[in-house]
Amino acid sequence: MEPSASSAVDSAADTAPLHPDDEKHNSIADRADTRLAREAHVGQRPGTLTIRAGAMTPRLFLLSYDEGSCTEQEYSDYDELWRFFSTHPELRHWIDVRGYNNLPLMERIMQDFDLHPLQMEDVLGDYQRAKVDVFGDNRLFLVSRMTEFTKLLEIDDDQLSIFTGPNYVLTFQDDYNDCLDTVRQRIRSGYSQIKRKPPLYLAYALTDVVLDQYYPTMAAIGDYVERLEDRILQDRPDRRVLSRILRMKKDIIRFRRFVYPEREKIAEILRMPDDVVPEEMKVYFRDCYDHAIQALDLAESYRESVTSLVELFMSNQSNRMNEVMKVLTIISSIFIPLSFVVGLYGMNFQRENPHGGINYLNMPELYSPWGYPILLAILAVIVMFQLLYFYRKGWLTNR
Amino acid sequence: MEPSASSAVDSAADTAPLHPDDEKHNSIADRADTRLAREAHVGQRPGTLTIRAGAMTPRLFLLSYDEGSCTEQEYSDYDELWRFFSTHPELRHWIDVRGYNNLPLMERIMQDFDLHPLQMEDVLGDYQRAKVDVFGDNRLFLVSRMTEFTKLLEIDDDQLSIFTGPNYVLTFQDDYNDCLDTVRQRIRSGYSQIKRKPPLYLAYALTDVVLDQYYPTMAAIGDYVERLEDRILQDRPDRRVLSRILRMKKDIIRFRRFVYPEREKIAEILRMPDDVVPEEMKVYFRDCYDHAIQALDLAESYRESVTSLVELFMSNQSNRMNEVMKVLTIISSIFIPLSFVVGLYGMNFQRENPHGGINYLNMPELYSPWGYPILLAILAVIVMFQLLYFYRKGWLTNR
Amino acid sequence: MEPSASSAVDSAADTAPLHPDDEKHNSIADRADTRLAREAHVGQRPGTLTIRAGAMTPRLFLLSYDEGSCTEQEYSDYDELWRFFSTHPELRHWIDVRGYNNLPLMERIMQDFDLHPLQMEDVLGDYQRAKVDVFGDNRLFLVSRMTEFTKLLEIDDDQLSIFTGPNYVLTFQDDYNDCLDTVRQRIRSGYSQIKRKPPLYLAYALTDVVLDQYYPTMAAIGDYVERLEDRILQDRPDRRVLSRILRMKKDIIRFRRFVYPEREKIAEILRMPDDVVPEEMKVYFRDCYDHAIQALDLAESYRESVTSLVELFMSNQSNRMNEVMKVLTIISSIFIPLSFVVGLYGMNFQRENPHGGINYLNMPELYSPWGYPILLAILAVIVMFQLLYFYRKGWLTNR
Amino acid sequence: MEPSASSAVDSAADTAPLHPDDEKHNSIADRADTRLAREAHVGQRPGTLTIRAGAMTPRLFLLSYDEGSCTEQEYSDYDELWRFFSTHPELRHWIDVRGYNNLPLMERIMQDFDLHPLQMEDVLGDYQRAKVDVFGDNRLFLVSRMTEFTKLLEIDDDQLSIFTGPNYVLTFQDDYNDCLDTVRQRIRSGYSQIKRKPPLYLAYALTDVVLDQYYPTMAAIGDYVERLEDRILQDRPDRRVLSRILRMKKDIIRFRRFVYPEREKIAEILRMPDDVVPEEMKVYFRDCYDHAIQALDLAESYRESVTSLVELFMSNQSNRMNEVMKVLTIISSIFIPLSFVVGLYGMNFQRENPHGGINYLNMPELYSPWGYPILLAILAVIVMFQLLYFYRKGWLTNR
Amino acid sequence: MEPSASSAVDSAADTAPLHPDDEKHNSIADRADTRLAREAHVGQRPGTLTIRAGAMTPRLFLLSYDEGSCTEQEYSDYDELWRFFSTHPELRHWIDVRGYNNLPLMERIMQDFDLHPLQMEDVLGDYQRAKVDVFGDNRLFLVSRMTEFTKLLEIDDDQLSIFTGPNYVLTFQDDYNDCLDTVRQRIRSGYSQIKRKPPLYLAYALTDVVLDQYYPTMAAIGDYVERLEDRILQDRPDRRVLSRILRMKKDIIRFRRFVYPEREKIAEILRMPDDVVPEEMKVYFRDCYDHAIQALDLAESYRESVTSLVELFMSNQSNRMNEVMKVLTIISSIFIPLSFVVGLYGMNFQRENPHGGINYLNMPELYSPWGYPILLAILAVIVMFQLLYFYRKGWLTNR
C-alpha cells in the first residue's frame, strides 16, 4: 500500500493530461470485473482448487509471539514453518501466506489447518466479497477487501482471507506489499493488546486496519473529484472529462460494493453467540461497525458529488453553446441589417430614363452632396442602438 | 451453450454494422416477454398441461451411476427407460428430458414420478422464474434459468426444471444443447463427489453450473458495453447506437430478473429444515448463495455502466451540435462584417451631382489611388483580429 | 372483456392517428382516479351504502352444481333466486350479481348473506384495491381488479368482489361482460375440479382467471410500446408521441398499482391458518402468487422500456435539431464567403481619378481579360474545399 | 373547509394568469415549513406551553348526547362548560376547542382532563405529524392533519388533536371552520351509530372524515395538474409554468408527508391490544387503513404525473427551439445562395479593357438580351428545389 | 451558536456576490469529509487516544445542583474540580469539558469516570455519527451532532459527547460556544424539571436542545434556497449559481447524514430495558423521536426543492438560448430576403448590348420612373408580413 497515491494526484495536476494513462484506460466498463467473469471456470466441481493466471509465487511468513516475546521469520520451506509452528503450541502464531501460485502447497496448508475446500476456493478465486463463516467448533473464516487508490487514478483492490484457530491466525493474500505493516509493527513493539488477547483479537486488528485503509482511499477519491470539478469550472473541459467523471462514478460504485458486505460481515459477527465471539470482543467489532457505516456514508456522499459533476458538466456544455450562439447572434444582428442598407444604395435605378427624361424619384439620395456622410451617420446610429439593446440583455458583458 | 459468443463479438467488430441483424431486431420492447404474454391461456383450468408452440420433440437420456460405475444411454422409447430405471433401484439415475412436444409422454412422466399438475404446468409453461418447492416428504422441485449471450448480441434464456427423488434426479429442458455437459463429464469420469453423495448433490451441481454460466454471459455483456462505449467516444455514433444501448440496458434488467429469484431460491433452501436439506449440503448451497449475490452485484454494475453510456451519448450529441454551431459562427462572424464593408463600397453615391457640381463628400475613397489596397489591408486586419478572438476562445483548436 | 384490443392496435396502425381518439384523451392526469376522488362522499357514516352514478341495473345469475350436474339461470326476481338457493343446500351455488344500481336489492343481499356494511361499501364504492378479509368463522371476502386494454388504447379496470360461504360463492361486479366466462364454461362442462372441491376452490379459480387476464393486457401494452418505439425511430415523431408515451407510462404505473396489492392479498391468504385456507388449497394460491410476481416483474420491465422511450424521444428531438443546424451551417458556410468575394468585385473603386489620372492599383482585376473566368474558378475551388471539409466531418453523408 | 376550491380553479381558468396571486407566491421553497422552523423555540423546557403567533381566540363548543338525545351549545365561559360536563356523567360529550390563543385556559383544560404537558405542547405547537399515543389506562391521543386545496391553488393544512376519555372526546384545532360538520350533523340527526357506541367510535369518525377529506383535495390537485398539462400542450408556456409545476410537485410531496404518518398511525392502532382498541372497533380502523393506503397511492400517481409534466415541458421547450431554428434555416438556406447569385452579377468586371480591347470573357451574360429573364428563371428553379427538399424533410408542414 | 446566521443571509442579499467567500469555497467536494479522511490514523491500535490537529485548549466547567440550589464554576485545575465533585456526592453534577487539546487530562478523565478507551476515541476522533451505547451497569454514552448554518452559508457541525453516571453527566465538545446555554439557564433559574429528575433527564434535555437547533439551521437553509430560486427566476443567473445550488444540495445531504443516525439513536433508546431507561423517561425521548422524524422530513423536502432548482436552472438556461436564437432568427429572417432583393437590383445587366441594340428585357424596372419608390413599398410590405408572422408565433412579445 503506497502512501504516494495523493502525491501522484498533486504532481499529475501540473502536467497536461488529467489522467496519466489516458490511452490505455479509456473504458467505462469494469475491466477487473470482466476479467473475473472470463476466468470463471464454468461447471467445475465445486471446491476444485485452481490457481488463477498471474498469481504470485508464495512467500511464507511466520510471526510467533506470546505476551513477552516476538519472533518473526520468512520461511522458504513450508515444512520448516510447520515444524516450528507445531512444536510451539505455547506461542501464538500469525502464518502469513503471500502469493498463491503453488497448488500443492495450497492443498497442503488446507489439510494441515483443516480448511474446507470451498473455503480454499474462495481464498484462491478471483473475487470474493467480504464475508464471515463459522466452521469447526468456533473458528472464523473472514474475507476482507483491501483497497488502494493507485497512481493510475483507479481503485485497486486485493483480497485478504483470514482463518482463526485456537492459537493462530492464518492469512492469505496475493500481493507482497500490503497495508498490514502497522499491525506487524504493533506486535513487534514491546507492549501490545494483540499479544495479550486471543487470536480473534488479531483477526479483529487486521479487519480494522483494512477498514481504516478505506479512509485514505476515499480522501484520494475526494481530491480527484475536486480536481475534476475545478476542471469543469475553470477550463474548457473536453469530452474526456465526462468520460473520466463517469469512470470515477463507477469506481465509487465499485468501492461501495466492497464496503457494503463489510458492514454485513461485521453485523453478522455481532450477532454470533458468545462462545464464538465473546462479548468483550464484540465491543471492538461494534467500533468496526461504526467505521464501516461511516465509510458507506462517505461513499454515498461522493456518489452524489459525482452525479452533481455530471449535471455541472452538462450545464457547462450548454453554457458554451449559449456563448457561441451569442457571438453569432450579435455579429449577425449588427451586420446583416447594415448590409441591407448598403445593398440598397448599391442598386442601379437610373436617374435618366432611356427616353432622356429624369426619374426624380429614383434614388435621389445618391445625388445629394451629403448623401454618403448622412448614410454613415445613420449606420452608426443603428449600430449604437443594437449595442445598447444587447448590453441591456446582458449579452455584451463577459457574462 | 456455444462459447463462440465472444468471438462473434470480435469478428462483428470488423464489419460495419454493430449489430449483425439490425433490421430484424430493432425493437426495445421485450419480444420474448410479449410472446410469453400472448400465449398465456387465460382462464384455463390450473394444472392443465399444454405444449407451447415451437416446442421440440422430446429426447430421453438416462445416466445411471453408483460410486464405481456409470452407464449412459439415450432412449427412443420411454418404456424401455422406465423398465431400466425401475429395475435398478440400487443405482442412482439422472433422467434428462430434452424437448416437451409430446403431451401424452409428459403426462405419463408426471404420473410415474408423482409430480403435481401445477408443477408440470410450471415445467412446460412459457416462463417460470427461479424457485424451489418442497413436495412429497422431502423432495425438491427446483427451477433455474440458463442464460447465454447469443451471436445476435442478445441474452437468450432457457428453463431448467429439476425434481429430486430418493434415488434419482429428473430434469426437463426444451433445448438439446445445454451448459450441463461439464456435470455429465464429471459423472462419467472415474471419481466424482456426485457419485458418492445423494441425488440432492447432483441437483446442487446442476444449479451451480447454471449460476456459473452467468459469468461468461456477463463477460460478453461487458465486452459489448465496452464496444458501445468505444463507438460513442471515437466514431460519430448515430441514433442506432442509442437504440442499442437502451436494448442492452433492457437485456441487463432482464438478466437481473433471472438472477434475483435465483438468490431468493437459494436463500429459501438455506432456511429449509435439516431433514429436507441436511446441514452438510447447506455448505454447498451457501457457496451458491455467494455466487448469486456476486452475479447480482455485477448486473447492477453493468446497469450503472449502461446508464452512464446514455449520459455519454447525450453529451456527445450535444457536443457535436456545439461543433456545428462553432463552424457556423466562425464563418459567419468573419465574412458577414467583411461583406458589409465591400457592400459599402459598392454603393452608387455620385460624385457629380445632376447640376454638374462635385459632391466631394460622396465616397471620396473610391477615387483615391490607394483606396483598393488600403481597403484590402483593412479587411485583412479585421480577419486577423477575429481569428485571434476565436483562437483565444479556443474555438479554432481541434477542441 | 373483449379480445379485440390487440386487433384494434393492428388496425389503428394503418390509419394516421396513433390514437383513435386523440382529441378526447389528451390528458396525462388520471381521469379515472380523479373521478373516483370527486365522487367520494366526505364525512358520510362509514358503512352507508350509496350507489355511484352510472352504475348498471343489476342482473342476477345463479349457477348451481354438484359433482354430477350443473344448472344455470338468470333471475329477474331476487326472491326466486333466493328461494331456489335456500331450498337446495345440497348443491353448490355461484350467485353472480352484475350491476349495482338497486340499493334496496343490495341491502337485502347484504342481510341475506350476512355481510358487513363496510364490506358492502367496499363492493359498491368507486375503487377498492385488491384485498382479502376473513369474516364470520372462516368466510373470505376477496377483491380483485380485472383489467382490459381497450380499443382506446387505455387500461380499463373493473372490480370483482368475491364472498365465500359454506356452500356458495357470491360475486359482484358492475359490468355485464367479464373475463370469467372460461370459468363458467369449465363448470358447465362435464368434469371439472371446481365441481368436486369446496367453494373456496371456485374463489381461487376466479382469482386466478383475473390474474391470467393481466397477461393479454400486458401483451397489448407491449405491442403498443413497440409501435411507439417504431414511430420514434422511423417517422418524424411530433409532440403528441411524447404525450402518448407519458400516458402509457402512467397507465403502466396504474397497472402496477392493481397488481401490487394482488400479490399482498395472496401472500396474506398463504399466511392464513389451515382452518380458513386448508393446506391443499394453498398449493393453488402459491401458484397464483408466482403469477402475481411475474406480472409485477413484467410491469416493471415495461416501465423501464417506457422510460427508455422518453430518452430515445429526447435524443431524437436533439438529433433533428442537429440536422437542421447542419443544413444551415453547410449552406451558410459555403455561400457567405462566396458572397463576400463577389461583393468585393462589386465595389466601385475608380480606375480614373477625378483629375484624369489612372489609379492602377484600384481593382486591376476588373480590367483583366481573364478576370471573370479566373474568379469563377477560384469560387469553384473554395466550394470544393468546403465540401471536402464537411464530407470529412461526416456532415454530408445521410448520417 | 370550502367546497369552492375547485370552482376557484374553473373561474381562474378564464382569466389570464394561471395563478391568482403570482407575485406573492412565486417561491418553490416551502414557506409553511420555514415558518414552522423559524418559530421553533430552541432549548425551551420540553412541555413548556407557548401560544404561537397568530393563534385565534378560543371558542368552546360542547356537544352532549346519549342514545336518544343531543344538546349542543357554545360556551363563552369555560367554567360553565366544565360545570355542565362534570354534572352530567351519564351523557357522552364532545368538547370541541377551536382557537388556542389563551394560555391559562389551555393550561386549565390540560389539568382538568389530565393531559401530559408534552401532549399539550404537541397540540399547540406549529406542526405535529399524525400520530397516536396511549396514555392513562386506555385513553388515546390522536393527531390528524386536515387538508384543503385553497383558492390560491395551494394545499392548506390544519391540525386536529383528539383525546378520548371514558365518556368524552376532547378535540383541539386552531380554526373556526373545519370539515367535521358532517360528523356533527350525524350526531344531531335522530339516529346514529356514534350515539350508541363508545367515545372511541367518535374519535374514529373524526379520523375517518379527515381521511375522506383528502380525496377532494387530491381531486382539486388532479384538476390543476390537468390544466397545467393543457397549458403546456396548447399554449406557449412560459417559464412561470415550470415554476408552478415544481411548486405543485412540492405540494404533492408535502401532502404525501401528511398522509404517510396517517397510515402508520392507523397501523399502530390496529396493533394495539384489545383492551385499548376492541376488536369490533378495529374493523372500522381497518377500513380507514385502506383509505389511507389508497390516498398514498393517489399521491404517488400524481407525483409521477407532475414529473412527467416536467419532461413534457422540457421537451416542449426544446421543440420550440427546433421551430425557431427551422424558420431561420429555411429562410437563410433559400436566400443566402440567391444573394450570392445576384451578387455575382453585381460585379464590375469590365467588357472594355483600358486599352480599348474587348474582354469577351468578362461576364458576357450581362450583355445577352435574355440575361435577366434567364437569371430570374434560374433563381426560381433554385428556390423550387430547396422548397422541395425542405418539404421532403417535413420542415414546411405545420409539424 | 450564533443567531446571526439568518441576518448574515439578509445583509449578504444586498451585496453583489451571492456567496461571501466565493473564491475560497468553490468546491462541491465535501472538504470537511476529506479532512476527516486524511487525518484518520490507519492501523493504529484501536482505542489509542490522539488529539486531532487544531483542537482547543480544554476549559472545565462544573455545574452542581440539587433541587434547591445551583453552583457553577469554571476550573482551571482539574484536580480542584475532581475534589469538589468527589466530596459532594449528594449533589448532581454536570461536568462540561470544552476543548480536547490536553492528552494527559483526557486520559485522566477517562480513568476517573471509568470510560472505555474506544469510547474516548469516539469522543476525540474527527467524526462520530450520532449513537448510543450502554456501558457499566446502566450508564449511557450518547453522541449528538450540533449544527449551525454559518455566515459563510455552509453547515457547520460539532460533536457533543454525553456520558451519564449515577449522579452526574459528563459532556465533551471541542468548541467554547455552543447551543446549550438555554439548558444551563434552566438549571440556574429557580425551578426546573432538570433539578428534580435523575441525570438521564439532563442528558435528554441536552439531546433535545441539539435536535431543536436543527430547525433554525433548516430555516436558514430554506431562506437561502428561496434566495437562489429568486436569483434564477429574476436575474440572469450565471454558472456559479448552479455550482452553489449543487453545494447546497450536498450540504443538505450532509445534514440528513447527521439527522438520520439521530433518529436511530433515539429509537434504540426507546427499545432499551426499563432498568436502563425508565418508562417515565421514554415519554420524553418519544417526543425527541417525533422531532427527529420531522427534521428528516424537512431535510427530504429541501432536497427535493434543490433538485427542482437544478431543473429550473437548466430550463432557464435553455430558455435564454431560445431567446438568443429568436433574436437571431427574427433579424436574419427579415433582412436576408431584403438583401437579396436589393442585391437583385444591384446587378449590372446592360440595357444596351455591345452591338448597339437595346435589351428591353434586361431589368426594365431600373428605368421606370417609379421603380425605386415601388421597390421600397414592396420591401416594406415584406417586412410587415414577416413581423405579422413572428407576432402570431409570439416571438415578438416579451414572452
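**Exercise 1.** Which side chains meet in a salt bridge at 3.1 Å, N to O?

*Solution.* The model is predicted, so its rules come first: local features need pLDDT of at least 70, side-chain atom pairs count only at pLDDT 80 or more, and totals for chains, interfaces and linings use all residues. Residues are numbered from 1 along each chain as its sequence is written, chains are lettered from A and ligands numbered from 1 in the order in which they are written, and side-chain values use heavy atoms, with hydrogens and water left out.

Step 1. A salt bridge requires a side-chain nitrogen of Lys or Arg within 4 Å of a carboxyl oxygen of Asp or Glu.

Step 2. The side chains of Asp290(D) and Lys131(C) form such a salt bridge, with 3.1 Å from N to O.

Step 3. Four salt bridges are found across the interface of chain D and chain C.

**Exercise 2.** Describe the interface of chain D and chain C.

*Solution.* Step 1. Contact (heavy atoms within 4.5 Å) links 76 residues of chain D with 72 residues of chain C.

Step 1. The size of an interface is often given as the accessible area lost when the parts come together. Buried area is the accessible area (1.4 Å probe) that two parts lose on being put together, summed over both. Between chain D and chain C about 6400 Å² is buried, and carbon and sulfur atoms give 60% of this area.

Step 2. A polar contact is a pair of N or O atoms within 3.5 Å; within protein, one must be able to donate a hydrogen and the other to accept it, and residues adjacent in sequence count only if both atoms are side-chain atoms. Between chain D and chain C, 13 residue pairs are in polar contact, both residues being at pLDDT 80 or more.

Step 3. Helices (H or I, at least four residues) and strands (E, at least two) are DSSP runs, numbered from the N terminus. On the side of chain D that touches chain C, helices H6 (181-188), H8 (199-234), H10 (279-344) and H11 (371-393) of chain D each supply at least two residues. H10(D) gives the largest share, 34 residues.

**Exercise 3.** How many salt bridges are counted between chain C and chain B?

*Solution.* Step 1. The count is four salt bridges.

Step 1. In a salt bridge between these chains, the side chains of Asp297(C) and Arg129(B) meet at 3.4 Å, N to O.

Step 2. The rule also finds 16 residue pairs in polar contact across the interface of chain C and chain B, both at pLDDT 80 or more.

Step 3. For the contact itself, 75 residues of chain C touch 72 residues of chain B. About 6400 Å² is buried between chain C and chain B, 60% of it on carbon and sulfur atoms.
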